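Please work through the exercises below with the sequence and the 3D structure open beside you. Each one sets a task and then gives a solution in steps.

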Amino acid sequence: MKVVNLKQAILQAWKERWSDYQWAINMKRFFPRGATWDILNLAEALLEQAMIGPSPNPLILSYLKYAISSQMVSYSTVLTAISKFDDFSRDLCVQSLLEIMDMFCDRLSCHGKAEECISLCRALLSSLTWFLRCATFYAEKVKDPLEQAAAENQLKMCLERLEKVLSSTKNRALIHIAKLEEASSWSTVEQSLVKLGEHLNNLGSSPLRSQADDCVSLIKSIPTMLSVHSEQLNKTGFPTVHAVVLLEGTMNLTGETQPLVEQLMMVKRMQRIPSPLFVLEIWKACFVGLIECPEGTEELKWTAFTFLKMPQVLVKLKKYPQGDKDFTEDVNCAFEFLLKLTPLLDKADQRCNCNCMSLLLQECSKQGLLSEANMNNLIDKRAADKENSPSLKSAENANIQPNPGLILRAEPTVTNILKTMDADHSKSPEGLLGVLGHMLSGKSLDLLLAAAAATGKLKSFARKFVKLNEFTKQITGEISKSGPVRALLFDISFLMLCHVAQTYGSEVILSDSNPPGEVPFFETWMLTCMPEEGKILNPDHPCFRPDSTKVESLVALLNNSSEMKLVQMKWHEVCLSISAAILEILNAWENGVLTFESIQKITDNIKGKVCSMAVCAVAWLVAHVRMLGLDEREKSLQMIRQLATPLYGENTLQFYNERVVIMSSILEHMCADVLQQTATQIKFPATGMDTIPYWNLLPPKKPIKEVLTSVFTKVLEKGWVDSRSIHIFDTLLHMGGVYWFCNNLVK
């Protein structure tokens, strides 16, 4: 009865000229829930009614299109219904059926149980036979001169759709499943192919002929799909492991190892990755990260991640049950595989100017991940490979000390420095200053910080410097000799902490264990006064407006004295007052009370002894410049320029050159956003490298959705994600927000 009712409902809708959505609403009212439209064969009933005359009924076709779009009917029932139509002489009907196929043939899918999936495969096989019969019919008609043009046009439309369906590997795979289910239907396809072949000669050598040949060869390739595919199945690349390792190495050197271990284990279980290939993929990702990271701090971070953090991660992975084999055997096996990737290892050696594999093997052996015999065997194999490959060391690199060796040596130094910092500072401040001065030379500081970050010691490292910075508040009974030492201890600890916050994130410095009401000066300053990416400061905030008497005395001191006094100076108060002092000085300069020469003398005083004063001054100026109109910025920017230019006089304090290098890097980070927004150039003294490698990555005029799509597409094409893309994703996440980012990535 329901089938009869269905036809009546369709006819009633046609007589009363219902719109498509009215029809859908009424259908749902007529037929109570329980019976699905597929069981009632709605698609077939609609097609049957639509195809009664010589041309299709547009209204009833619109109902079918609505039913497809709103998923009232499944793709499989629509395909099955279409493949039952066999009067190919009705050109318009065939055209409309091909157009219906256009609606979904590029995204065939189904919901539900296994039966639905199998019926989609069978429907696709039926429609393949239908396409072939259709193409054969028109290829035969091409012979007739009167109908040649029309037949060619119809054949072209038919072959275009057939090619579209067959070009998808997924669709061919679904047809393959149907072939295995119903061998008899496949023999029908083979017969249809023979018939089509007989009539293809009518087409001569036209583009239609080559299109038809392409389709035929695609169909003939379906039975061999599995045997061809099986070679690719034992793939050795696991992009998810690669992505997890690269993400961690690029963005999270300071992170705990346990969450990373758990993530990696989850990926290993979900993808059923054999242990040796799993460990191999981890090392591959580390070497790729090392090769492609920019020079400078990023390179040191990656080196520390590879040689210090990753062996620790493997030590934790070792504790998880890995199957019957001993984990050290799996690690050995992974290194055997890694040795075969000679170009990767050569490139890493070239980049790091040393034998990376050998250093890594020694580190793994130290951590109990490799037996000594295996380690020596692998080292010898790599040495033999290197002898066979062309010499990688160039003359200019001969004097450069390799980073991996430096990082591995820096790690025990970190522990020693932490012990030194625990001692009572008041007993020998000069001795401590010697240790700190040594840390500042060359790239020592960045090496030590990277080693501390990779081994989970950076937070305690930062705490010790916050404590030292607090210690310099003590000035009771200070004599002239100890003034400069205290000033230097304050300055070095302040600069180091700023540098750590900019390189590894301010959360490394913040502590939960401060006694109530006793937040250290540096934490307060960093949270309220330090510019960071994405943090906008208010230059009129109370934190920039301290006690006016202190400000007046500081302005007087800067303006009148030939150089800064050091004894009995409360440096933390000076740093909090400097912003208001700069405002006074700027106003005086704007109003012509002070000349440019006076300003030069004042800025020399600010930066000449204690670089932290210049950092605090520029921090406020950066917030101030943002609030000014285009024509009001000149003097503020000129002041930033003055403060950023080092003072190379005789009378500077110890380690001035080393401190200036860190100061320049801090100022460059602080000013980056404002300089871009105001289109200003300020030359910071060369710190010897690109201090902000991943800054300003987004193209200026492209919507962020397009950037996300294009970067993600490139990553998929490459088959692995690289550090630069991770930084772009990070910028997009901050700009678009979590919901936008996740939603669009899932799409």
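The exercises that follow concern confidence, domains and the packing of helices.

This is a predicted model, in which local features need pLDDT of at least 70 and side-chain atom pairs count only at pLDDT 80 or more, while totals for chains, interfaces and linings use all residues. Residues are numbered from 1 along each chain as its sequence is written, and side-chain values use heavy atoms, with hydrogens and water left out.

**Exercise 1. Confidence and domains**

Find the average pLDDT of the protein chain, and state how the chain is assigned to domains.

Step 1. The average pLDDT (the predictor's confidence in each residue, from 0 to 100) is 87 for the protein chain, and 95% of the residues score at least 70.

Step 2. The assignment, which is automatic or from a database, gives domain 1 (6–227), domain 2 (239–385), domain 3 (423–694) and domain 4 (704–746). Between the C-alpha centres of domain 3 and domain 4 there are 35 Å.

**Exercise 2. Helix 28 and helix 30**

Describe how helix 28 and helix 30 pack, and classify the residues of their contact.

Step 1. Helices here are DSSP runs (H or I, at least four residues), numbered from the N terminus. Helix 28 (residues 571–590) and helix 30 (residues 611–626) have axes 9 Å apart and pack at an angle of about 45°, where axes are lines fitted to C-alpha atoms over the stretch in contact and angles run from 0 to 180 degrees between N-to-C directions.

Step 2. The two helices are therefore oblique to each other; angles under 35 degrees count as roughly parallel, over 145 as roughly antiparallel, 65 to 115 as roughly perpendicular and the rest as oblique.

Step 3. Residues that make the contact include W571 and I578 of helix 28 and M613 and W620 of helix 30. By class, the contact has 12 nonpolar, three polar and no charged residues, with Ala, Val, Leu, Ile, Met, Phe, Trp, Tyr, Cys and Pro counted as nonpolar, Asp, Glu, Lys and Arg as charged, and the others, Gly among them, as polar.

**Exercise 3. Helix 34 and helix 35**

Determine how the axes of helix 34 and helix 35 cross.

Step 1. The axes of helix 34 (residues 723–736) and helix 35 come within 6 Å and cross at roughly 125°, which makes helix 34 oblique to helix 35.

Step 2. F729, L732, L733 and G736 of helix 34 meet V738, W740 and F741 of helix 35 in this contact.

How values were computed: Contact means heavy atoms within 4.5 Å.
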